Amino acid sequence: EQILSIFDSIDEPVYVSDPDTYEVLFVNRAVKDYLGKDPTGDLCYVEFQGLEEPCGFCTNVKITAAPERAYRWEHHNPMLDRDYLIVDRLIHWPDGRDVRFEFAMDITGLKDLERRLKESEEYFRAVTENVMDLIMIVDGEGIIKYVNRASLHVLGYEPGEMLGTNSLDFVHPDDLAW
């Protein structure tokens, strides 16, 4: 009872299922809240994925092949429209079976942030690579971390030739004195 109260206090989905029959043996409160019901006794692929047959991405084979190790993976659940970082492993059930234990951490917000960051980077590159002006990013020591394609037109150097070099190497010696 104590361990079950601990699992029920976790706000992330935790469940146990039989890797041979796919029967759900235990779910914590978070799973019941996500689904709006208790799926214990039903089939995991039906209840968690809305499928009529076992999931093509099911990790049962992986966890039974290496029962001493946890298997970590990411999955987008289209039924819930949520992204999860998942840890699966075999555990020994009280009736003697080795069963699948799964802990799933909701990373939907992180995945959305990653997508927006990628879009922002693509926008930055589209803008900087399509202007005729030289755009350069240097670190605190003056080392070039980014330079756009205008470097060829303005300075006569390919961007790849300039990356990792000191930006002052491209300044005329007479201009260094000021």
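The side chain of Arg100 makes a polar contact of 2.7 Å with the side chain of Glu102. A polar contact is a pair of N or O atoms within 3.5 Å; within protein, one must be able to donate a hydrogen and the other to accept it, and residues adjacent in sequence count only if both atoms are side-chain atoms. The model is a predicted one: local features need pLDDT of at least 70, side-chain atom pairs count only at pLDDT 80 or more, and totals for chains, interfaces and linings use all residues. Residues are numbered from 1 along each chain as its sequence is written, and side-chain values use heavy atoms, with hydrogens and water left out.

**Arg100**

Arg100 sits in strand β5, which spans residues 98–106. Helices (H or I, at least four residues) and strands (E, at least two) are DSSP runs, numbered from the N terminus. Is Arg100 buried or exposed? Arg100 is buried, at a relative accessible area of 4%. Buried means under 20% relative accessible area, exposed over 50%, and partly exposed in between (1.4 Å probe, protein chains only).

Asp88 is also a polar partner: its side chain and that of Arg100 are joined by a contact of 2.7 Å. Contact in general means heavy atoms within 4.5 Å. Leaving aside neighbours within four places in sequence, Arg100 touches residues including Tyr15, Val16, Ser17 and Pro19. Cys58, Thr59, Asn60 and Ile63 are also among its contacts.

**Two loop residues with positive phi**

Tyr22 has a phi near 70°, a positive value in a residue other than glycine. Tyr22 is placed in the loop between β1 (14–17) and β2 (24–27). Asp81 has a positive phi too, near 55°, and is likewise a residue other than glycine. Asp81 belongs to the loop between β3 (71–77) and β4 (82–92).

**Aromatic pairs**

The structure holds 8 aromatic pairs. Rings of Phe, Tyr and Trp (its six-membered ring) pair if their centres lie within 6.5 Å; planes under 30 degrees apart count as stacked, over 60 as edge-to-face and the rest as tilted. Phe7 and Phe101 form a tilted pair, with 5.7 Å centre to centre and 45° between the planes. This pair links distant parts of the chain: Phe7 is in helix α1 (residues 2–9) and Phe101 in strand β5, 94 residues apart. Phe7 is partly exposed, with a relative accessible area of 21%. Phe101 is buried, with 18%.

The rings of Tyr34 and Tyr84 have centres 6.2 Å apart and planes at 80°, so they form an edge-to-face pair. Here too distant parts of the chain are linked: Tyr34 is in helix α2 (residues 29–35) and Tyr84 in strand β4, 50 residues apart. Tyr34 is partly exposed at 31% relative accessible area, whereas Tyr84 is buried at 5%. Phe7, Phe26 and Phe101 make up one aromatic cluster.

**Salt bridges**

How many salt bridges does the structure hold? It holds 17. A salt bridge is a side-chain nitrogen of Lys or Arg within 4 Å of a carboxyl oxygen of Asp or Glu. Three of them are tabulated here.

| Pair | N to O distance |
|---|---|
| Arg29 and Asp11 | 3.1 Å |
| Asp33 and Arg29 | 3.1 Å |
| Arg82 and Asp106 | 2.9 Å |

Arg29 forms a salt bridge with Asp11. The pair links distant parts of the chain: Arg29 is in helix α2, Asp11 in the loop between α1 and β1, 18 residues apart. Arg29 is partly exposed, at 32% relative accessibility. Asp11 is exposed, at 56%.

Arg29 also meets Asp33 in a salt bridge. Asp33 and Arg29 are separated by about one helical turn, because they are 4 residues apart in helix α2. Asp33 is exposed, with a relative accessible area of 54%.

The side chains of Arg82 and Asp106 meet in a salt bridge as well. Arg82 lies in strand β4 and Asp106 in strand β5, so the pair ties together parts that are 24 residues apart in sequence. Arg82 is partly exposed, at 29% relative accessible area.

Salt bridges also link Asp112, Arg115, Arg116 and Glu119 in a network.
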